[in-house]
Amino acid sequence: MDKRGALRALGAATLAATAAFTLTACNKNTPLAFQGVDVTGAEYAKDITLTDVNGQRRSLKDFSGKVIAVFFGYTQCPDVCPTTLQELVEVKQALGADANRLQAIFVTLDPERDTPEVLKAYLANFDDSFVGLRGTPEEVAAVVKDFKFYYKKVPGKVEGSYTLDHSAGTYLYDTQGRLRVYERYGSGPQVLVQDVKALLQ
């Protein structure tokens, strides 16, 4: 190869390397496109400090390195809660080898009836890895307020009985514990799978 050819080859190699670097840099800086509501940078719902079914105080930092899905509900919920938990089971199945990189957390809005034993048995019907959190009514109310969530007791027909009206949606945190996505109830497991995979990249 003559000198001119060598220079051309060197120039082409340099251009290719520059293009590859630029592409990598763009990929790192390009915001992720979520199917749910992008809440990146939100100043609320930064952490949860409540007690699990084994009596241990937990926070989001305990699950560092995983995508965390946080959902609020109660074990006597007739439809929304079991539907959401079943969808999270399907999401884990769809993740295949990455299934253990998703941590589902169920926060009960009904700590008076959802004892540790009740909560543990309820979640075991879906997935043994799901974490149930509870606290005093005051602690739960404080967390709910921080998450901009809504719930209200609705008296039942029998004296002393009640149901709970509550918001329905799932909060997704990235592997660094930052709130990133709010998934509306009814979006379906496919949407959750796409957003969880995006956060695992």
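User: How many aromatic pairs does a search of the whole structure find?

Analyst: Keep in mind that this is a predicted model. Going through the whole structure, the search for aromatic pairs comes up with nine.

User: Take Phe 71 and Phe 106: is that pair stacked, edge-to-face or tilted?

Analyst: The ring centres of Phe 71 and Phe 106 are 6.0 Å apart, with an angle of 35 degrees between the planes. Planes under 30 degrees apart would count as stacked and those over 60 as edge-to-face. With 35 degrees, the Phe 71 and Phe 106 pair is therefore tilted.

User: Which ring does the charged end of Arg 113 sit over?

Analyst: The charged end of Arg 113 is 3.7 Å from the centre of the ring in question. Lys 153 also lies over a ring face, at 4.4 Å from the ring centre, and that face belongs to Tyr 162. For Arg 113, too, the ring is that of Tyr 162.

User: Which element gives the most to the lining of the largest pocket?

Analyst: The largest pocket holds about 180 Å³ of space, and its lining includes Asp 52, Arg 58, Lys 120, Leu 123 and Phe 130. Two elements give two or more residues to that lining: α3 (116–124) and β6 (131–134). By class, the lining splits into five nonpolar, two polar and five charged residues. The element that gives the most, with three residues, is α3.

User: Which residues is Phe 130 in contact with, leaving aside its neighbours within four places in sequence?

Analyst: For a sense of reach, Phe 130 and Ala 69 are 61 residues apart in sequence but 9.8 Å apart in space, C-alpha to C-alpha. Once the sequence neighbours are set aside, the contacts of Phe 130 are Leu 85, Leu 88, Val 89, Lys 92, Gln 103, Ala 104 and Leu 123.

User: What volume does the largest cavity have?

Analyst: Rolling a probe the size of a water molecule over the atoms shows where empty space is left. The whole structure has one cavity of 30 Å³ or more. Its lining counts 13 residues, with Glu 87, Thr 170, Arg 184, Tyr 185 and Gly 186 nearest the centre. The volume of the largest cavity is about 70 Å³.

User: Which elements give two or more residues to the lining of the largest cavity?

Analyst: That lining has four nonpolar, six polar and three charged residues. The elements giving two or more residues are α2 (80–95), β9 (169–173) and β10 (179–184).

User: Stepping back, what share of the protein chain's residues count as buried?

Analyst: The protein chain has five helices and 10 strands. Among contacts between residues at least 6 apart in sequence, 68% join residues at least 24 apart. Out of 201 residues, the share that counts as buried is 43%.

Definitions and conventions. Residues are numbered from 1 along each chain as its sequence is written. This is a predicted model: local features need pLDDT of at least 70, side-chain atom pairs count only at pLDDT 80 or more; totals for chains, interfaces and linings use all residues. Side-chain values use heavy atoms; hydrogens and water are left out. Rings of Phe, Tyr and Trp (its six-membered ring) pair if their centres lie within 6.5 Å; planes under 30 degrees apart count as stacked, over 60 as edge-to-face and the rest as tilted. A charge sits over a ring if NZ of Lys or CZ of Arg is within 6 Å of the ring centre and within 35 degrees of the ring normal. On a 1 Å grid over the protein atoms alone, a cavity is a set of points where a 1.4 Å probe fits but cannot get out, and a pocket is an open set with protein on both sides within 12 Å along at least five of seven lines; lining residues have an atom within 4 Å of a point. Grid points are joined across faces, edges and corners, and a volume is the space filled by probe spheres set on the points. Helices (H or I, at least four residues) and strands (E, at least two) are DSSP runs, numbered from the N terminus. Ala, Val, Leu, Ile, Met, Phe, Trp, Tyr, Cys and Pro count as nonpolar, Asp, Glu, Lys and Arg as charged, and the others, Gly among them, as polar. Buried means under 20% relative accessible area, exposed over 50%, partly exposed in between (1.4 Å probe, protein chains only). Contact means heavy atoms within 4.5 Å.
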